[in-house]
Amino acid sequence: MTHLTKSRISLTNLSENFEEVDPGLTNQEAIEEAYRCLYCYDAPCITACPTGIDIPTFIKKIASGNLKGSAKTIMTENAVGASCARVCPTEELCEGACVLNHSTEPIMIGNLQRYATDWAIKNEQVLFKPEKKNGKSVAVIGGGPAGLSAARELGLLGYDVTIFESEEEAGGLNSYGIVSFRLPQTISFWEVEQVERLDVDIRTNTTVGKDITVDEILDNYDIVILAVGMSKVPNLGISGENLEGVYDAIEFVKDTKTKPLSDKFLGKNVVVIGAGNTAIDGATCSVRLGAENVKILYRRTVDEMTAYDFEYEFAKQDGVEFRWLTTPTKIIGDEHGRVTGIECIKMALGEPGEDGRRRPVPIEGSEFTIKVDAVIKAIGQSRYIDLIDQFGLKHHDGVVTVDSESFQTSNEKVFACGDVIFGKGQGEAMVVSAAQQGKEVAYAVHKMLFKNVSEPA
Ligand code: SF4
(Lines give C-alpha, C1' and ligand atoms only; values in the text may rest on other atoms or scores of the structure.)
Protein backbone atom coordinates (compact mmCIF):
# COMPACT_ATOMS: atom_id res chain seq x y z
CA MET A 1 0.00 0.00 0.00
CA THR A 2 1.36 3.39 -0.87
CA HIS A 3 0.85 6.35 1.39
CA LEU A 4 1.02 10.04 0.95
CA THR A 5 4.21 11.43 2.44
CA LYS A 6 4.68 15.04 3.40
CA SER A 7 6.74 15.76 0.32
CA ARG A 8 4.01 14.39 -1.95
CA ILE A 9 1.18 16.49 -0.60
CA SER A 10 -0.31 18.67 -3.26
CA LEU A 11 -0.74 22.19 -1.96
CA THR A 12 -2.38 23.37 -5.15
CA ASN A 13 -4.90 20.62 -5.77
CA LEU A 14 -6.04 19.24 -2.41
CA SER A 15 -8.55 16.88 -4.01
CA GLU A 16 -5.61 14.82 -5.37
CA ASN A 17 -4.66 14.11 -1.76
CA PHE A 18 -8.07 12.58 -1.14
CA GLU A 19 -7.89 10.08 -3.99
CA GLU A 20 -7.80 6.46 -2.90
CA VAL A 21 -4.29 5.60 -1.64
CA ASP A 22 -4.37 1.94 -2.59
CA PRO A 23 -4.80 1.37 -6.34
CA GLY A 24 -6.01 -2.23 -5.85
CA LEU A 25 -4.75 -5.33 -7.65
CA THR A 26 -4.17 -5.45 -11.40
CA ASN A 27 -5.87 -8.26 -13.35
CA GLN A 28 -2.67 -10.25 -13.45
CA GLU A 29 -1.92 -9.77 -9.75
CA ALA A 30 -5.45 -10.85 -8.86
CA ILE A 31 -5.31 -14.02 -10.98
CA GLU A 32 -1.86 -14.96 -9.64
CA GLU A 33 -2.99 -14.38 -6.06
CA ALA A 34 -6.20 -16.36 -6.61
CA TYR A 35 -4.14 -19.32 -7.89
CA ARG A 36 -2.08 -19.29 -4.68
CA CYS A 37 -5.18 -20.19 -2.61
CA LEU A 38 -5.24 -23.83 -1.49
CA TYR A 39 -9.08 -23.94 -1.36
CA CYS A 40 -8.78 -25.58 2.02
CA TYR A 41 -11.39 -28.02 3.24
CA ASP A 42 -12.94 -26.51 6.41
CA ALA A 43 -11.19 -23.27 5.48
CA PRO A 44 -10.27 -21.33 8.66
CA CYS A 45 -10.61 -18.02 6.81
CA ILE A 46 -14.40 -18.55 6.53
CA THR A 47 -14.75 -19.06 10.28
CA ALA A 48 -12.56 -16.00 10.95
CA CYS A 49 -14.81 -13.76 8.84
CA PRO A 50 -17.59 -12.40 11.12
CA THR A 51 -20.05 -12.62 8.21
CA GLY A 52 -18.85 -16.09 7.16
CA ILE A 53 -18.10 -15.22 3.52
CA ASP A 54 -17.25 -18.35 1.54
CA ILE A 55 -13.74 -17.06 0.83
CA PRO A 56 -12.25 -20.03 -1.07
CA THR A 57 -15.31 -20.06 -3.37
CA PHE A 58 -15.12 -16.37 -4.23
CA ILE A 59 -11.37 -16.70 -4.81
CA LYS A 60 -11.88 -19.73 -7.04
CA LYS A 61 -14.41 -17.77 -9.10
CA ILE A 62 -11.81 -15.03 -9.62
CA ALA A 63 -9.34 -17.67 -10.83
CA SER A 64 -11.89 -19.00 -13.31
CA GLY A 65 -12.84 -15.53 -14.54
CA ASN A 66 -16.37 -15.56 -13.06
CA LEU A 67 -16.19 -12.12 -11.46
CA LYS A 68 -19.94 -11.57 -11.19
CA GLY A 69 -20.27 -14.91 -9.41
CA SER A 70 -17.39 -13.98 -7.15
CA ALA A 71 -18.96 -10.62 -6.21
CA LYS A 72 -22.28 -12.36 -5.58
CA THR A 73 -20.66 -14.93 -3.27
CA ILE A 74 -19.18 -12.04 -1.26
CA MET A 75 -22.26 -9.84 -1.19
CA THR A 76 -24.61 -12.72 -0.36
CA GLU A 77 -23.00 -13.04 3.05
CA ASN A 78 -22.12 -9.40 3.57
CA ALA A 79 -24.34 -6.61 2.21
CA VAL A 80 -21.45 -4.16 2.72
CA GLY A 81 -18.77 -6.52 1.43
CA ALA A 82 -17.31 -3.94 -0.98
CA SER A 83 -16.69 -1.48 1.87
CA CYS A 84 -15.43 -4.23 4.16
CA ALA A 85 -12.83 -5.19 1.52
CA ARG A 86 -11.29 -1.78 2.21
CA VAL A 87 -11.87 -1.19 5.91
CA CYS A 88 -11.75 -4.57 7.67
CA PRO A 89 -8.70 -5.35 9.82
CA THR A 90 -8.06 -8.40 7.61
CA GLU A 91 -4.77 -9.27 9.30
CA GLU A 92 -6.76 -9.87 12.51
CA LEU A 93 -9.61 -11.67 10.72
CA CYS A 94 -9.55 -13.81 7.54
CA GLU A 95 -5.94 -13.21 6.52
CA GLY A 96 -4.78 -13.80 10.08
CA ALA A 97 -6.39 -17.27 9.93
CA CYS A 98 -5.08 -18.26 6.45
CA VAL A 99 -3.08 -21.51 6.63
CA LEU A 100 -0.40 -19.96 4.44
CA ASN A 101 0.69 -17.84 7.42
CA HIS A 102 2.60 -20.96 8.52
CA SER A 103 4.64 -21.23 5.33
CA THR A 104 4.72 -18.13 3.12
CA GLU A 105 2.40 -15.11 3.08
CA PRO A 106 -1.35 -15.26 3.69
CA ILE A 107 -3.62 -14.83 0.68
CA MET A 108 -4.50 -11.15 0.15
CA ILE A 109 -8.17 -11.86 0.84
CA GLY A 110 -9.14 -8.22 1.37
CA ASN A 111 -7.56 -7.14 -1.90
CA LEU A 112 -9.17 -10.02 -3.81
CA GLN A 113 -12.53 -9.16 -2.27
CA ARG A 114 -12.01 -5.61 -3.43
CA TYR A 115 -11.00 -6.79 -6.90
CA ALA A 116 -14.24 -8.77 -7.39
CA THR A 117 -16.55 -6.11 -5.94
CA ASP A 118 -14.77 -3.30 -7.83
CA TRP A 119 -15.44 -5.22 -11.03
CA ALA A 120 -19.14 -5.45 -10.13
CA ILE A 121 -19.27 -1.71 -9.33
CA LYS A 122 -17.45 -0.71 -12.51
CA ASN A 123 -19.71 -2.94 -14.59
CA GLU A 124 -22.88 -1.69 -12.84
CA GLN A 125 -23.94 -5.15 -11.81
CA VAL A 126 -27.22 -5.78 -9.98
CA LEU A 127 -26.66 -8.90 -7.91
CA PHE A 128 -30.05 -9.60 -6.31
CA LYS A 129 -33.68 -9.59 -7.40
CA PRO A 130 -36.74 -8.70 -5.29
CA GLU A 131 -38.59 -11.71 -3.89
CA LYS A 132 -42.33 -12.38 -3.69
CA LYS A 133 -43.78 -10.33 -0.81
CA ASN A 134 -44.71 -12.18 2.36
CA GLY A 135 -47.21 -9.59 3.63
CA LYS A 136 -45.19 -8.29 6.59
CA SER A 137 -43.61 -4.89 6.99
CA VAL A 138 -40.47 -3.75 8.81
CA ALA A 139 -39.20 -0.24 9.57
CA VAL A 140 -35.43 0.01 9.87
CA ILE A 141 -34.25 3.14 11.67
CA GLY A 142 -30.83 4.04 10.31
CA GLY A 143 -29.29 3.14 6.94
CA GLY A 144 -25.74 2.41 8.09
CA PRO A 145 -24.01 -1.00 7.81
CA ALA A 146 -26.25 -2.74 10.38
CA GLY A 147 -29.52 -1.26 9.06
CA LEU A 148 -28.63 -1.85 5.41
CA SER A 149 -27.63 -5.42 6.13
CA ALA A 150 -30.89 -6.14 8.00
CA ALA A 151 -32.93 -4.45 5.24
CA ARG A 152 -31.15 -6.39 2.50
CA GLU A 153 -31.75 -9.73 4.23
CA LEU A 154 -35.39 -8.92 4.94
CA GLY A 155 -35.84 -7.75 1.34
CA LEU A 156 -34.58 -11.14 0.16
CA LEU A 157 -37.05 -12.81 2.52
CA GLY A 158 -39.97 -10.93 0.95
CA TYR A 159 -40.61 -8.23 3.58
CA ASP A 160 -41.86 -4.76 2.79
CA VAL A 161 -38.93 -2.80 4.19
CA THR A 162 -38.62 0.93 4.77
CA ILE A 163 -35.34 2.46 5.93
CA PHE A 164 -35.56 5.84 7.69
CA GLU A 165 -32.28 7.70 7.23
CA SER A 166 -31.61 11.21 8.54
CA GLU A 167 -28.75 11.95 6.12
CA GLU A 168 -29.05 12.85 2.46
CA GLU A 169 -27.82 9.38 1.47
CA ALA A 170 -27.81 6.01 3.23
CA GLY A 171 -24.61 4.10 4.03
CA GLY A 172 -23.92 5.64 7.45
CA LEU A 173 -20.28 5.46 8.50
CA ASN A 174 -19.26 4.03 5.12
CA SER A 175 -20.77 6.98 3.24
CA TYR A 176 -19.82 9.76 5.64
CA GLY A 177 -17.46 8.64 8.42
CA ILE A 178 -14.50 6.93 6.74
CA VAL A 179 -12.09 9.10 4.78
CA SER A 180 -12.38 9.12 0.96
CA PHE A 181 -8.78 8.03 0.46
CA ARG A 182 -9.67 4.74 2.20
CA LEU A 183 -13.32 4.39 1.22
CA PRO A 184 -14.75 6.56 -1.57
CA GLN A 185 -18.49 7.28 -1.39
CA THR A 186 -19.12 5.53 -4.72
CA ILE A 187 -18.42 2.16 -3.08
CA SER A 188 -20.92 2.69 -0.30
CA PHE A 189 -23.52 4.16 -2.66
CA TRP A 190 -23.34 1.03 -4.84
CA GLU A 191 -24.06 -1.12 -1.78
CA VAL A 192 -27.05 1.09 -0.98
CA GLU A 193 -28.26 0.70 -4.56
CA GLN A 194 -28.08 -3.11 -4.28
CA VAL A 195 -30.47 -2.86 -1.31
CA GLU A 196 -32.78 -0.42 -3.10
CA ARG A 197 -33.02 -2.83 -6.04
CA LEU A 198 -34.85 -5.22 -3.70
CA ASP A 199 -37.71 -2.68 -3.56
CA VAL A 200 -36.53 -1.48 -0.16
CA ASP A 201 -37.87 2.05 0.34
CA ILE A 202 -35.09 4.31 1.63
CA ARG A 203 -36.48 7.56 3.01
CA THR A 204 -33.50 9.86 3.32
CA ASN A 205 -33.47 13.27 5.05
CA THR A 206 -35.99 11.77 7.46
CA THR A 207 -35.24 11.91 11.16
CA VAL A 208 -37.38 9.65 13.32
CA GLY A 209 -38.72 11.59 16.29
CA LYS A 210 -38.75 14.80 14.25
CA ASP A 211 -39.99 14.23 10.68
CA ILE A 212 -42.01 11.18 11.67
CA THR A 213 -43.06 10.23 15.18
CA VAL A 214 -42.05 7.08 17.00
CA ASP A 215 -45.76 6.25 17.46
CA GLU A 216 -46.40 6.45 13.71
CA ILE A 217 -43.56 4.01 13.14
CA LEU A 218 -44.74 1.64 15.86
CA ASP A 219 -48.33 1.77 14.58
CA ASN A 220 -47.59 1.32 10.90
CA TYR A 221 -45.07 -1.51 10.83
CA ASP A 222 -45.15 -5.09 12.09
CA ILE A 223 -41.57 -4.86 13.33
CA VAL A 224 -39.09 -2.05 14.01
CA ILE A 225 -35.31 -2.46 13.87
CA LEU A 226 -33.33 0.24 15.60
CA ALA A 227 -29.95 0.65 13.93
CA VAL A 228 -29.25 4.32 14.48
CA GLY A 229 -25.54 4.03 15.23
CA MET A 230 -23.99 6.82 17.23
CA SER A 231 -24.18 10.58 17.30
CA LYS A 232 -21.72 13.45 17.66
CA VAL A 233 -18.43 13.46 19.56
CA PRO A 234 -19.20 14.37 23.18
CA ASN A 235 -17.73 17.42 24.88
CA LEU A 236 -14.34 17.10 26.53
CA GLY A 237 -15.63 19.04 29.52
CA ILE A 238 -12.83 21.63 29.44
CA SER A 239 -12.89 25.34 28.73
CA GLY A 240 -12.44 26.65 25.19
CA GLU A 241 -14.46 23.99 23.38
CA ASN A 242 -16.63 26.60 21.68
CA LEU A 243 -13.71 28.49 20.15
CA GLU A 244 -13.40 28.81 16.40
CA GLY A 245 -11.03 26.10 15.20
CA VAL A 246 -12.38 23.31 17.44
CA TYR A 247 -13.91 20.49 15.40
CA ASP A 248 -15.94 17.34 15.95
CA ALA A 249 -13.94 14.62 14.13
CA ILE A 250 -17.07 12.98 12.72
CA GLU A 251 -18.33 16.27 11.24
CA PHE A 252 -14.82 17.12 10.07
CA VAL A 253 -14.43 13.87 8.09
CA LYS A 254 -17.97 14.19 6.75
CA ASP A 255 -17.19 17.68 5.43
CA THR A 256 -14.19 16.31 3.49
CA LYS A 257 -16.53 13.80 1.83
CA THR A 258 -19.40 16.15 1.07
CA LYS A 259 -18.11 19.73 0.67
CA PRO A 260 -15.44 21.39 -1.46
CA LEU A 261 -12.08 20.95 0.28
CA SER A 262 -10.92 24.04 2.10
CA ASP A 263 -7.33 25.30 2.34
CA LYS A 264 -7.80 26.66 5.87
CA PHE A 265 -5.47 23.99 7.32
CA LEU A 266 -2.57 24.91 5.03
CA GLY A 267 0.61 25.33 7.10
CA LYS A 268 -1.30 24.98 10.37
CA ASN A 269 -0.56 23.08 13.59
CA VAL A 270 -3.33 20.63 14.43
CA VAL A 271 -3.95 18.54 17.51
CA VAL A 272 -6.30 15.55 17.49
CA ILE A 273 -7.60 14.29 20.82
CA GLY A 274 -8.23 10.54 21.03
CA ALA A 275 -6.63 7.44 19.48
CA GLY A 276 -9.36 5.45 17.77
CA ASN A 277 -9.85 4.98 14.03
CA THR A 278 -11.79 8.25 13.78
CA ALA A 279 -8.90 10.12 15.44
CA ILE A 280 -6.54 8.64 12.85
CA ASP A 281 -8.95 9.72 10.10
CA GLY A 282 -9.04 13.25 11.54
CA ALA A 283 -5.24 13.36 11.66
CA THR A 284 -4.59 11.97 8.18
CA CYS A 285 -7.26 14.27 6.69
CA SER A 286 -5.51 17.23 8.34
CA VAL A 287 -2.21 16.18 6.75
CA ARG A 288 -3.92 15.97 3.35
CA LEU A 289 -5.46 19.41 3.85
CA GLY A 290 -1.91 20.74 4.11
CA ALA A 291 -1.40 21.00 7.89
CA GLU A 292 2.25 21.57 8.77
CA ASN A 293 2.23 19.52 11.96
CA VAL A 294 -0.36 17.08 13.26
CA LYS A 295 -0.22 15.56 16.74
CA ILE A 296 -2.47 12.95 18.29
CA LEU A 297 -2.86 13.28 22.05
CA TYR A 298 -3.94 10.20 23.98
CA ARG A 299 -4.32 9.84 27.73
CA ARG A 300 -3.24 6.20 27.70
CA THR A 301 -0.41 4.43 25.82
CA VAL A 302 0.03 2.81 22.42
CA ASP A 303 -0.99 -0.53 23.98
CA GLU A 304 -4.45 0.75 24.87
CA MET A 305 -5.20 2.70 21.70
CA THR A 306 -8.27 1.38 19.90
CA ALA A 307 -7.22 2.22 16.33
CA TYR A 308 -6.40 -0.79 14.17
CA ASP A 309 -2.68 -1.49 13.72
CA PHE A 310 -2.82 -0.70 10.02
CA GLU A 311 -4.47 2.65 10.79
CA TYR A 312 -1.69 3.46 13.28
CA GLU A 313 0.98 2.59 10.68
CA PHE A 314 -0.88 4.65 8.09
CA ALA A 315 -0.85 7.73 10.35
CA LYS A 316 2.84 7.34 11.17
CA GLN A 317 3.67 7.14 7.47
CA ASP A 318 1.74 10.36 6.99
CA GLY A 319 4.04 12.00 9.53
CA VAL A 320 1.48 12.21 12.35
CA GLU A 321 3.13 12.52 15.79
CA PHE A 322 1.78 10.66 18.80
CA ARG A 323 1.92 12.06 22.33
CA TRP A 324 1.02 9.25 24.71
CA LEU A 325 -0.11 9.71 28.33
CA THR A 326 -1.19 13.25 27.58
CA THR A 327 -4.57 14.79 28.23
CA PRO A 328 -5.86 18.30 27.43
CA THR A 329 -6.99 20.49 30.33
CA LYS A 330 -7.88 23.70 28.54
CA ILE A 331 -8.18 25.08 25.00
CA ILE A 332 -6.74 28.56 24.76
CA GLY A 333 -8.03 31.26 22.38
CA ASP A 334 -7.18 34.82 21.31
CA GLU A 335 -9.29 37.96 21.56
CA HIS A 336 -11.08 37.03 18.31
CA GLY A 337 -12.28 33.74 19.76
CA ARG A 338 -9.87 31.64 17.69
CA VAL A 339 -7.86 28.70 19.01
CA THR A 340 -4.20 29.49 19.67
CA GLY A 341 -3.06 26.74 22.03
CA ILE A 342 -3.94 23.78 24.16
CA GLU A 343 -2.91 23.22 27.74
CA CYS A 344 -2.13 19.60 28.60
CA ILE A 345 -1.04 17.50 31.53
CA LYS A 346 1.01 14.29 31.58
CA MET A 347 -0.67 11.15 32.85
CA ALA A 348 0.38 7.86 34.45
CA LEU A 349 -1.60 4.62 34.35
CA GLY A 350 -3.11 3.68 37.71
CA GLU A 351 -5.35 0.84 38.89
CA PRO A 352 -7.80 -0.82 36.45
CA GLY A 353 -11.28 0.72 36.37
CA GLU A 354 -14.69 -0.97 35.98
CA ASP A 355 -13.97 -1.80 32.34
CA GLY A 356 -10.73 -3.59 33.27
CA ARG A 357 -8.52 -0.94 31.65
CA ARG A 358 -5.92 0.86 33.76
CA ARG A 359 -7.11 4.36 34.55
CA PRO A 360 -4.96 7.31 33.54
CA VAL A 361 -4.20 9.69 36.44
CA PRO A 362 -2.73 13.18 36.07
CA ILE A 363 0.83 13.82 37.23
CA GLU A 364 0.74 16.97 39.32
CA GLY A 365 2.92 19.80 38.10
CA SER A 366 3.44 18.31 34.62
CA GLU A 367 1.27 20.86 32.78
CA PHE A 368 2.54 22.25 29.49
CA THR A 369 1.12 24.18 26.52
CA ILE A 370 1.22 23.39 22.80
CA LYS A 371 0.72 26.13 20.22
CA VAL A 372 -2.07 25.03 17.86
CA ASP A 373 -4.36 26.48 15.21
CA ALA A 374 -6.97 23.72 15.26
CA VAL A 375 -8.21 21.06 17.67
CA ILE A 376 -10.11 17.98 16.49
CA LYS A 377 -12.07 16.08 19.13
CA ALA A 378 -12.23 12.32 18.56
CA ILE A 379 -12.97 10.85 21.98
CA GLY A 380 -15.75 8.49 20.93
CA GLN A 381 -19.35 9.32 20.14
CA SER A 382 -22.44 10.13 22.14
CA ARG A 383 -25.65 8.12 21.79
CA TYR A 384 -29.19 8.82 20.67
CA ILE A 385 -30.59 8.48 24.18
CA ASP A 386 -33.55 10.75 23.48
CA LEU A 387 -34.74 8.55 20.59
CA ILE A 388 -34.17 5.36 22.60
CA ASP A 389 -36.26 6.89 25.41
CA GLN A 390 -39.00 7.87 22.94
CA PHE A 391 -39.22 4.19 22.01
CA GLY A 392 -39.34 3.45 25.76
CA LEU A 393 -36.56 0.88 25.50
CA LYS A 394 -34.46 -0.38 28.38
CA HIS A 395 -30.90 0.81 28.02
CA HIS A 396 -27.71 1.42 29.95
CA ASP A 397 -26.37 4.95 29.26
CA GLY A 398 -27.64 4.70 25.69
CA VAL A 399 -26.56 1.10 25.07
CA VAL A 400 -29.88 -0.62 24.27
CA THR A 401 -30.48 -3.83 26.21
CA VAL A 402 -31.20 -6.77 23.89
CA ASP A 403 -31.58 -10.51 24.17
CA SER A 404 -28.16 -11.83 23.15
CA GLU A 405 -29.59 -14.30 20.63
CA SER A 406 -32.65 -12.62 19.19
CA PHE A 407 -31.55 -8.95 19.49
CA GLN A 408 -35.05 -8.23 20.77
CA THR A 409 -35.32 -5.18 23.04
CA SER A 410 -37.57 -4.64 26.05
CA ASN A 411 -40.38 -3.96 23.53
CA GLU A 412 -41.00 -7.26 21.74
CA LYS A 413 -41.86 -5.44 18.52
CA VAL A 414 -38.52 -3.60 18.47
CA PHE A 415 -35.14 -5.18 17.68
CA ALA A 416 -31.76 -3.42 17.73
CA CYS A 417 -28.36 -3.95 16.17
CA GLY A 418 -25.07 -2.20 15.40
CA ASP A 419 -23.49 0.57 17.45
CA VAL A 420 -26.70 1.18 19.38
CA ILE A 421 -26.09 -2.10 21.27
CA PHE A 422 -22.29 -1.89 21.28
CA GLY A 423 -21.09 -1.63 24.87
CA LYS A 424 -18.86 1.06 26.27
CA GLY A 425 -15.15 0.45 26.87
CA GLN A 426 -14.95 -2.05 24.01
CA GLY A 427 -13.17 0.26 21.61
CA GLU A 428 -14.80 0.78 18.25
CA ALA A 429 -17.29 -1.61 16.67
CA MET A 430 -16.26 -3.14 13.36
CA VAL A 431 -18.32 -2.49 10.21
CA VAL A 432 -18.26 -6.23 9.49
CA SER A 433 -19.72 -7.08 12.93
CA ALA A 434 -22.53 -4.59 12.38
CA ALA A 435 -23.25 -6.25 9.02
CA GLN A 436 -23.41 -9.67 10.67
CA GLN A 437 -25.73 -8.39 13.41
CA GLY A 438 -28.02 -6.97 10.74
CA LYS A 439 -28.28 -10.43 9.19
CA GLU A 440 -28.91 -12.11 12.53
CA VAL A 441 -31.63 -9.62 13.44
CA ALA A 442 -33.34 -10.26 10.11
CA TYR A 443 -33.33 -14.03 10.75
CA ALA A 444 -34.60 -13.50 14.31
CA VAL A 445 -37.48 -11.35 13.04
CA HIS A 446 -38.31 -13.94 10.40
CA LYS A 447 -38.23 -16.73 12.96
CA MET A 448 -40.57 -14.82 15.26
CA LEU A 449 -43.11 -13.90 12.58
CA PHE A 450 -43.01 -17.17 10.71
CA LYS A 451 -42.54 -19.68 13.50
CA ASN A 452 -40.67 -22.86 12.66
CA VAL A 453 -38.61 -21.31 9.88
CA SER A 454 -34.92 -21.87 10.10
CA GLU A 455 -32.18 -19.45 9.08
CA PRO A 456 -31.34 -19.39 5.40
CA ALA A 457 -28.48 -21.86 4.78
FE1 SF4 B 1 -7.32 -19.96 0.71
FE2 SF4 B 1 -5.96 -19.23 2.97
FE3 SF4 B 1 -8.67 -19.54 3.06
FE4 SF4 B 1 -7.04 -21.73 2.77
S5 SF4 B 1 -7.18 -20.36 4.55
S6 SF4 B 1 -8.97 -21.26 1.65
S7 SF4 B 1 -5.36 -20.84 1.53
S8 SF4 B 1 -7.52 -18.00 1.84
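1. Tyrosine 39 is partly exposed, with a relative accessible area of 24%, where buried stands for under 20%, exposed for over 50% and partly exposed for what lies in between, using a 1.4 Å probe on the protein chains only. The model is a predicted one, in which local features need pLDDT of at least 70 and side-chain atom pairs count only at pLDDT 80 or more, while totals for chains, interfaces and linings use all residues. Residues are numbered from 1 along each chain as its sequence is written, and side-chain values use heavy atoms, with hydrogens and water left out.

2. Tyrosine 39 lies in the loop between α2 (27-36) and α3, helices being DSSP runs of H or I with at least four residues and strands runs of E with at least two, numbered from the N terminus. Although tyrosine 39 is not a glycine, its phi is positive, at about 50 degrees. Most residues other than glycine have a negative phi.

3. Phenylalanine 407 also has a positive phi, of about 65 degrees, without being a glycine. The loop that holds phenylalanine 407 runs between β15 (399-400) and β16 (414-416), and this residue counts as buried at 6% relative accessibility.

4. Two cavities of 30 Å³ or more are found in a search of the whole structure; a cavity is a set of points, on a 1 Å grid over the protein atoms alone, where a 1.4 Å probe fits but cannot get out, and its lining residues have an atom within 4 Å of a point. Grid points are joined across faces, edges and corners, and a volume is the space filled by probe spheres set on the points.

5. The largest cavity has a volume of about 110 Å³, and of its 15 lining residues Cys49, Cys88, Thr90, Cys94 and Gln113 lie nearest its centre. α8 gives the most to this lining, with three residues. By class the lining has 11 nonpolar, four polar and no charged residues, with Ala, Val, Leu, Ile, Met, Phe, Trp, Tyr, Cys and Pro taken as nonpolar, Asp, Glu, Lys and Arg as charged, and the others, Gly among them, as polar.

6. The second largest cavity has a volume of about 90 Å³. Of the 15 residues that line it, Cys37, Cys40, Cys45, Cys98 and Ile107 are the closest to its centre, and all 15 are nonpolar. The ligand takes up this space, in the sense that more than half of its atoms lie within 2 Å of the grid points.

Conventions
1 Å grid on protein atoms, 1.4 Å probe; cavity = no way out; pocket = protein on both sides within 12 Å on 5 of 7 lines; lining within 4 Å.
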